[in-house]
Amino acid sequence: VNDNEFIINPKVGEKRSIIATGAQLVGEDGNVFGAVVAMQDITNIKKTEEQLRISEAAFRGNFENAAIGMAILDEHCHWLEVNDQLSAILGYSKEELVELNIFQVTHKEDLAADIELMKKFINGEKSFLNKESRFLHKDGHVVYAILSVSVVKNDDEKPLYFISQITDITPRKIAAQKLQVAIAKLEAILDSSTHVSIIGTDIDGRITTFNKGAENLLGYSKEEMLDDQSPARIHLKSEIHARAKEIAKELNEPIENSEVFIAMAKRGFHDTREWTYVRKDGVQFPVQLTITPVKDNGKIIGYLGIGAEISALKNVEKEINSVLDVTK
């Protein structure tokens, strides 16, 4: 019996892959008097095999050259295969990793939750996982990562293996933690400034920051002033109008009243001058107000106004002027 595979080119249609199996017919005298040949069209099988080969080659290429960590794990979560990037992320060689399971490099605080999730995979309650997780590098430091896991099952719907992707987000996570600390410190500074008014606005002049000092000095709550309000609400209209004329003359261009507070800061200058604030109850008092631009990568994203009440200084000034008048 011989099997032979060959291509035929039919008169109509595309080329076909054929496998032929033949057997000789031998008579009682031992002589061959004929043959039986069976031919099977395996074109579709060949196409499927080629597609599978291409798919496997593509997966292998993506697996090995991925910019993220990738691994194949068995149903007990032992590493079967890992790529170079995962080895670099966790600090273990490939040979070391395949001797471990994923839980041996998982942060102990995440261990119970991850084991529970894997149980759900095995029980068929989940077919895909995407979560933030923490791993332990070989040298002991924490690796923050996005862990994505999908399950491949057999015909009986039992897990054959897991395909995991591990994206290292440690730099982003550390930066976010530092930012959170900086924000907490800034908020503490803002709240501790109970006698200095700190009011921030966006580039359109809407109030975005209103600290405890501003609440104390002006009688408004933060909730009353955020988002929809402008600093113009706490200023005298006459002073706003007069200042608009001054700036227009100084810059030699028209200035709208709404631009008065940011016109100089918008052009990169620190604008410090005396203004009159008006409390919620109508009481007026003088402040020394400095307005500066708030920048992100050189681009102005808002403005910050820091105002200190100078009523006592103004009273001392009046007394000095009075003494000078008497002296004269």
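K173 and E132 form a salt bridge (a side-chain nitrogen of Lys or Arg within 4 Å of a carboxyl oxygen of Asp or Glu), with their closest N and O atoms 2.6 Å apart. Because K173 belongs to helix 5 (residues 170–192) and E132 to strand 6, this pair ties together parts that are 41 residues apart in sequence. Helices (H or I, at least four residues) and strands (E, at least two) are DSSP runs, numbered from the N terminus. The model is predicted, so local features need pLDDT of at least 70 and side-chain atom pairs count only at pLDDT 80 or more, while totals for chains, interfaces and linings use all residues. Residues are numbered from 1 along each chain as its sequence is written, and side-chain values use heavy atoms, with hydrogens and water left out.

K173 is partly exposed at 26% relative accessible area, and E132 is partly exposed at 40%. Here buried means under 20% relative accessible area, exposed over 50%, and partly exposed in between (1.4 Å probe, protein chains only).

In total, 16 salt bridges are counted by this rule. Another of them joins the side chains of K131 and D114 at 2.9 Å, N to O. K131 sits in strand 6 and D114 in helix 4, so their pairing ties together parts that are 17 residues apart in sequence. Both K131 and D114 are buried.

Helix 4 (residues 108–122) lies across strand 6, strand 7 (142–153) and strand 8, and runs at about 150° to strand 6. Such angles run from 0 to 180 degrees between N-to-C directions, with axes fitted as lines to C-alpha atoms, for helices over the stretch in contact; contact means heavy atoms within 4.5 Å.

The sheet itself is open, with 5 strands in the order 5-4-8-7-6 and antiparallel pairing. Strand 5 (79–82) and strand 6 (128–136) are the edge strands, each pairing on one side only. Two strands pair if DSSP finds at least two bridges between them. Strand 4 (residues 69–74) and strand 8 (residues 159–168) run antiparallel and are joined by 6 bridges. Within this sheet, L73 stands opposite F162 in strand 8.

A further salt bridge links R243 to E246, whose closest N and O atoms are 3.0 Å apart. These two residues are 3 residues apart in helix 8 (residues 237–251), which means that about one helical turn separates R243 from E246. R243 is buried at 6% relative accessible area, whereas E246 is partly exposed at 38%. Salt bridges with shared partners join R243, E246, D271 and R273 into one network.
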